[in-house]
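These are my notes from a look through one structure.

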Amino acid sequence: MAPLPLLTWLENTWRPPAGIYDLVTNDLTQAEPADAAPRTVLRVCLVGATGTIGRATLRALVRRGHDVVCFSRPPKGGGAFAREGDGEAEVRIVDFSDPASLRGDGFRGERFDAVVSCMASRTGAPKDAWAVDHQAHLNLLAAAREAGVGHFVLLSAICVQKPLLAFQYAKLAFEAALIDSGLKYSIVRPTAFFKSLSGQIERVRRGKPFLVFGDGELTSCKPIGDDDLATYLAECLEDERRWNRILPIGGPGEAITPREQGAFLFALLDRPPKFRSAPVGLLDGIIGALGLVAPLSPRLAEKAELARIGRYYATESMLWLNPETGRYDAAATPSTGVETLFDFYTAVIEGRSAPERGDHAVF
Ligand SMILES: NC(=O)c1ccc[n+]([C@@H]2O[C@H](COP(=O)([O-])OP(=O)(O)OC[C@H]3O[C@@H](n4cnc5c(N)ncnc54)[C@H](OP(=O)(O)O)[C@@H]3O)[C@@H](O)[C@H]2O)c1
């Protein structure tokens with residue numbers, strides 16, 4: 001496979017994020033569901049409510065009876081803020097880079113019990129990741145503390161356990177600031193989302209082979225559904241076992257490899273399995289070549305980071321990393337929820353669901 005088509009493939013197929021040994025709390029009791037109904041109605045500031053998990057989290061918070069106010073940047077092209085059925089909530093347009101806007105346009109001197117953040121860089125490019133995953137969150141945290149907010153729930157990623165990429169360092173820097181702030185926190189580090197593992201459904205449906213790195217068994221993950229993760233985030237507000245903790249979390253069932261994902265799709269479509277493999281060394285070549293030209297333009301530098309992100313997900317599992325052994329541990333990765341990736345694939349093939357396709361395939 002030539003380098004350019006491979007990059008296009010990376011952009012169209014490899015979209016999951018994901019771990020140095022740190023303070024992760026890996027307590028299996030986290031996986032137990034909390035009560036379905038909230039103990040108290042809370043006034044919640046939700047940020048990132050236009051994203052995949054943010055929209056699901058809005059639904060989960062509203063369903064639990066909370067009073068939700070969404071802080072958002074202005075919608076691009078004047079588009080709808082949320083989709084029908086996402087839940088009712090007041091929307092306040094704020095500039096997250098401006099502490100005065102967060103204060104004046106966002107919190108407005110009113111009482112809020114909690115902040116739930118599903119906000120994240122849409123590109124993962126270093127500059128944007130530091131601006132959004134770190135600085136915008138620092139601004140939000142400062143404004144939240146000023147407003148007397150008592151609890152900050154942060155959607156992070158399990159991959160920060162083993163940081164090698166800019167966006168992972170940006171996320172970790174904010175996690176550390178949140179922990180140091182003294183505010184009650186719940187840092188949720190999920191495994192791979194369904195949308196990140198659905199990039200090849202269409203090509204397989206069109207009769208093309210399922211693409212894997214190596215033998216397709218280099219990595220595995222316990223994928224988590226949007227609504228299951230959203231419920232888990234909403235429950236953090238009520239479940240004391242999730243307070244002041246770092247919470248790695250995956251979906252239900254066994255860990256699955258890329259080859260198993262492909263095999264399931266072929267079985268679902270009643271076709272013989274057809275795989276095409278690319279060596280990881282090819283990615284190293286692309287990373288090396290892009291590294292040489294990256295200083296020439298920001299676009300090339302972004303492509304180089306994209307290739308590094310692709311390599312990361314080609315070789316690292318989205319599972320809890322055991323600090324003692326340095327190995328990923330599927331059995332010790334907590335699970336929550338009911339929907340499996342294979343349920344989702346079935347729903348997509350049967351036309352009952354559609355995977356989200358972002359502008360930036362790496363995510
Ligand atoms: N994909 C995976 O498999 C996976 C796995 C584990 C963890 N994660 C993590 O999960 C998190 C959220 O993922 P997602 O897929 O739900 O994200 P998403 O769909 O890309 O949504 C990102 C949200 O952040 C907002 N945002 C981005 N830049 C902003 C800015 N400059 N100012 C204000 N708001 C901004 C977006 O608002 P707009 O609508 O205005 O752009 C959107 O609401 C990320 O931290 C990701 O690393 C992902």
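Entry 1, confidence. I began with the pLDDT, since this is a predicted model. The protein has a mean pLDDT of 88, and 84% of its residues reach 70 or more. Where pLDDT is low, the predicted coordinates should not be read in detail. I left both stretches there.

Which residues come nearest to the ligand? I counted 26 residues around the ligand, and the nearest are Thr-50, Gly-51, Ala-120, Ala-157 and Ser-196. Two elements give two or more residues to this shell: helix H2 (52-63) and helix H4 (126-146). H2 supplies the largest share, three residues. Sorted by class, the shell holds 15 nonpolar, eight polar and three charged residues.

H2 and helix H7 (residues 226-235) pack at an angle of about 60 degrees, and their axes are 8 Å apart. Because of that angle, H2 is oblique to H7. I recorded the crossing of H2 and H7 as right-handed. On the H2 side the contact uses Thr-52, Ile-53, Ala-56, Thr-57, Arg-59, Ala-60 and Leu-61. On the H7 side I listed Asp-226, Asp-227, Leu-229, Ala-230, Thr-231, Leu-233 and Ala-234. The residues of this contact are eight nonpolar, three polar and three charged.

Helix H3 (residues 99-107) packs on H4 at about 50 degrees, with the axes 9 Å apart. That angle is why H3 counts as oblique to H4. What is the handedness of the crossing, left or right? H3 passes H4 in a right-handed crossing. Pro-99, Leu-102, Arg-103, Gly-106 and Phe-107 of H3 meet Asn-139, Leu-140, Ala-142, Ala-143 and Glu-146 of H4. I sorted the residues of this contact into six nonpolar, two polar and two charged.

The last pair I looked up was helix H8 (residues 258-268) and helix H11 (residues 341-349), which pack at an angle of about 35 degrees with axes 11 Å apart. The crossing of H8 and H11 is right-handed. H8 makes the contact with Gln-261, Phe-264, Leu-265 and Leu-268. H11 brings Leu-341, Phe-342, Tyr-345, Thr-346 and Ile-349. How many charged residues does the contact of H8 with H11 have? I found no charged residues there, with seven nonpolar and two polar.

Note on methods: Residues are numbered from 1 along each chain as its sequence is written. This is a predicted model: local features need pLDDT of at least 70, side-chain atom pairs count only at pLDDT 80 or more; totals for chains, interfaces and linings use all residues. A residue is near a molecule or strand if its C-beta atom, placed from the backbone, lies within 6 Å of it. Helices (H or I, at least four residues) and strands (E, at least two) are DSSP runs, numbered from the N terminus. Ala, Val, Leu, Ile, Met, Phe, Trp, Tyr, Cys and Pro count as nonpolar, Asp, Glu, Lys and Arg as charged, and the others, Gly among them, as polar. Axes are lines fitted to C-alpha atoms, for helices over the stretch in contact, and angles run from 0 to 180 degrees between N-to-C directions. Angles under 35 degrees count as roughly parallel, over 145 as roughly antiparallel, 65 to 115 as roughly perpendicular and the rest as oblique. A crossing is left-handed if the near helix is turned anticlockwise from the far one by less than a right angle, and right-handed if clockwise. Two residues are in contact if their C-beta atoms, placed from the backbone, lie within 7 Å. pLDDT is the predictor's confidence in each residue, from 0 to 100.
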